[in-house]
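Good morning, and thank you for coming. Please look at the sequence and the structure while I speak about how the parts of this protein meet.

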Amino acid sequence: MTEVATFAMSDQLLVIIDPVARRTDGESVRIAKDVLSAGAAAKVCLPQGPEEFARMLLRRGSRRPVVIGDDRALARAVSLLHRRRELAGCALSVVPVGARLSVAGALGVPTGAVAAARAVLEGAERRLDLLVDDSDGVVLGGLRIPPVREAPPVADDAEAERPWLRTCRSLVHALVPARPTTRPAPVDGPARLRVEVDGELLVGAEHPVAGVSVTPGTMGVAEVEVRPVSVGAEATPLRAEGRRVTVTGADFRYRADATVSGPVRRRTWTVLQGAWALTVPAAG
């Protein structure tokens with residue numbers, strides 16, 4: 001990761017405010033918008049859903065895009081620009097607002113609205129590696145297999161803008177008894193996975209594992225850790241580094257950043273060195 005340029009406060013900004021951020025923390029959104037508008041020529045956009053979000057980002061022109069939203073909003077912007085092959089030439093900025101901010105924080109972005117907005121105005125562009133899978137999906141901060149137990153789902157953008165829909169659902173749930181279900185609750189457990197790094201076998205499917213993690217490292221390689229299932233004393237994790245990681249197994253799921261994906265039987269992730277740029281506070 002290398003800081004290559006600082007930005008002038010006279011830059012023109014395209015500020016895209018994610019609808020979930022507006023719903024969950026309107027005060028932080030207002031503060032961030034005020035700081036950005038006071039320090040630069042900012043065009044503020046209020047998309048109502050993912051399609052408008054994409055359309056506004058792709059019509060940014062010469063303006064520098066700033067996303068006000070959580071990890072999912074940042075990942076959506078990176079994924080869209082990657083699929084359009086515009087990611088390498090577009091420095092992204094983010095003001096983290098919402099419930100899921102761990103990825104942005106781990107990448108070096110302040111999680112406070114004022115500090116993050118000031119970093120947008122006065123910060124530096126940092127080139128970062130990117131994990132891309134064989135379905136053209138992207139991973140910013142890392143992935144885990146199997147995923148931890150999923151939290152209750154967050155309402156999507158459309159429902160977030162319709163409070164009356166949530167009110168109607170609550171009324172129906174109160175009036176109609178819940179139907180019994182026999183489906184067992186999801187349980188985290190060992191998995192049998194074959195993990196290869198740059199074509200070399202790290203662990204075979206005959207050895208159950210408690211989890212696998214893949215994280216973009218530095219200089220174009222990913223850091224891979226496999227935690228074997230042990231009996232008695234804790235087993236030593238298996239670690240490797242490489243540019244290409246392939247995992248094969250029986251219908252496994254994985255958590256990439258803030259999203260759980262799958263089930264799949266095979267997935268390969270490749271590291272793209274310095275594939276994208278994010279604005280972070282300037283050093284010193």
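This is a predicted model: local features need pLDDT of at least 70, side-chain atom pairs count only at pLDDT 80 or more; totals for chains, interfaces and linings use all residues.

Of the contacts in the protein (heavy atoms within 4.5 Å) between residues at least 6 apart in sequence, 70% join residues at least 24 apart. Residues are numbered from 1 along each chain as its sequence is written, and side-chain values use heavy atoms, with hydrogens and water left out.

The protein has eight helices and 15 strands; these are DSSP runs numbered from the N terminus, with helices being H or I of at least four residues and strands E of at least two. Of its 284 residues, 44% are buried, that is, under 20% relative accessible area with a 1.4 Å probe, counting protein chains only.

Let us turn to helix 6, residues 113-122. Which of its residues are buried? They are Ala113, Ala116, Ala117, Ala119, Val120 and Leu121. Their cover includes helix 2 (26-39), together with strand 2 (12-17), strand 4 (64-69), strand 5 (91-96) and strand 15 (259-280).

Two packed helices are described by the angle between their axes and the distance between the axes. The axes of helix 2 and helix 6 come within 9 Å and cross at roughly 30°; axes here are lines fitted to C-alpha atoms over the stretch in contact, and angles run from 0 to 180 degrees between N-to-C directions. Helix 2 is therefore roughly parallel to helix 6, a term for angles under 35 degrees. From helix 2, the contact is made by Ser28, Ile31, Ala32, Val35, Leu36 and Gly39, and from helix 6 by Ala113, Val114, Ala117, Arg118, Val120 and Leu121.

On the helix 3 side we find Pro50, Phe53, Ala54, Leu57 and Leu58, which meet Ala73, Arg76, Ala77, Leu80 and Leu81 in helix 4.

Notes
Buried means under 20% relative accessible area, exposed over 50%, partly exposed in between (1.4 Å probe, protein chains only). Angles under 35 degrees count as roughly parallel, over 145 as roughly antiparallel, 65 to 115 as roughly perpendicular and the rest as oblique.
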